[in-house]
Amino acid sequence: MAKAAAKKSAAAAPSVERRPALAGQELSATGVALAVLPPAERISLRAPYASVAALSKALGVTLPRKPKTSAAKAGRTALWLGPDEWLVIDEVGRDPLADCFEMTVLHSAVGISHRNVAISVTGPAAAATINSGCPQDLSLDAFPVGAASRTILGKVEIVLLRTATDAFRVECWRSFSDYVFTFLSEAAGDAAA
Amino acid sequence: MLLIRCPYCEEERPELEFRNAGEAHIARSADMAATSDDDFEKFFFIRSNPKGIIYERWRHMHGCARFFNAVRDTVSDRFLMTYKAGEPKPANLPGAAK
């Protein structure tokens, strides 16, 4: 009963308290370091070709039209996921959902800030670490800096973004984040060996 | 691991990212209520299941998530070509045997 009452008062609070999964977890091994990144604002954006220009303007970042690419500007990154689908991540606290709210062009923007957890994988062995569970070619020719793709890691789906030659951002669903972090931790040990 | 070319991602991707989605080019009747039981059975249950070239729908599930069509040889498991959903059945198959 007391639990139910506590829940009720939390719901009545003006804003929902954010409880990030795995907050602050880190791991470093030889040649690779893992870190759970701080919370960010995110939207899943679906829009037809005709709306892309207007939405790019509203979001302040040009939505990429080429497969496996991303665009970044002032702390906001737009990742191409499909021909009419993008993941927009804002790391400086400006909710991209608010920017889409006034838009009248045809689109669907869904706030998924709390759905995802981001893990950074950095170091010379970063690609080898991710490749232990991800079948994509992560060489710099095939997956250059700025390349982004939805793919798989072990048993779960992730969104992978290369932020530097030896740095990746792995976005996964928060309920999978423990699996992903543990998987990457094990892989980091193997990659270092 | 097989590499399958996704026509939307415009490159070859590992097969783990894909799901098979059954035979392609099966047209649904515009007037389903008027379809006879025999025709409905053919539409709903009967598939060609050939030994050789088959036209299939595939989905790039863990990639762009789009459905597309692929031509596959069921004997060698080789993908002859892939093309976007909605495009007509290709007349000439590149690299087809014989």
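Residues are numbered from 1 along each chain as its sequence is written, and chains are lettered from A and ligands numbered from 1 in the order in which they are written. In this predicted model, local features need pLDDT of at least 70 and side-chain atom pairs count only at pLDDT 80 or more, while totals for chains, interfaces and linings use all residues.

Me: Which residue in S6(A) stands opposite Ile43(A)?
Reply: Strands are DSSP runs of E with at least two residues, helices are runs of H or I with at least four, and both are numbered from the N terminus. Two strands pair if DSSP finds at least two bridges between them. S3 (residues 41-46) and S6 (residues 85-90) of chain A run antiparallel and are joined by six bridges. In S6(A), the residue opposite Ile43(A) is Val88(A).

Me: What is the bridge partner of Ile43(A) in S7(A)?
Reply: S3(A) also pairs with strand S7 (residues 108-111) of chain A, in the antiparallel sense, over four bridges. There, the partner of Ile43(A) is Gly111(A).

Me: How far apart do the C-alpha centres of domain 1 and domain 2 of chain A lie?
Reply: Domain bounds come from an automatic or database domain assignment. For chain A it gives domain 1 (22-38 + 115-193) and domain 2 (40-112). The distance between their C-alpha centres is 23 Å.

Me: Which element gives the largest share of the side of domain 1 of chain A that touches domain 2 of chain A?
Reply: Residues are in contact if their C-beta atoms, placed from the backbone, lie within 7 Å. The contact takes 10 residues from each of these two domains. On the domain 1 side, the elements that give two or more residues are S8 (116-122), S9 (148-153) and S10 (156-164) of chain A. The largest share, three residues, comes from S9(A).

Me: How many residues does the contact between chain B and chain A take from chain A?
Reply: Chain B gives 12 residues to this contact. The number from chain A is 12.
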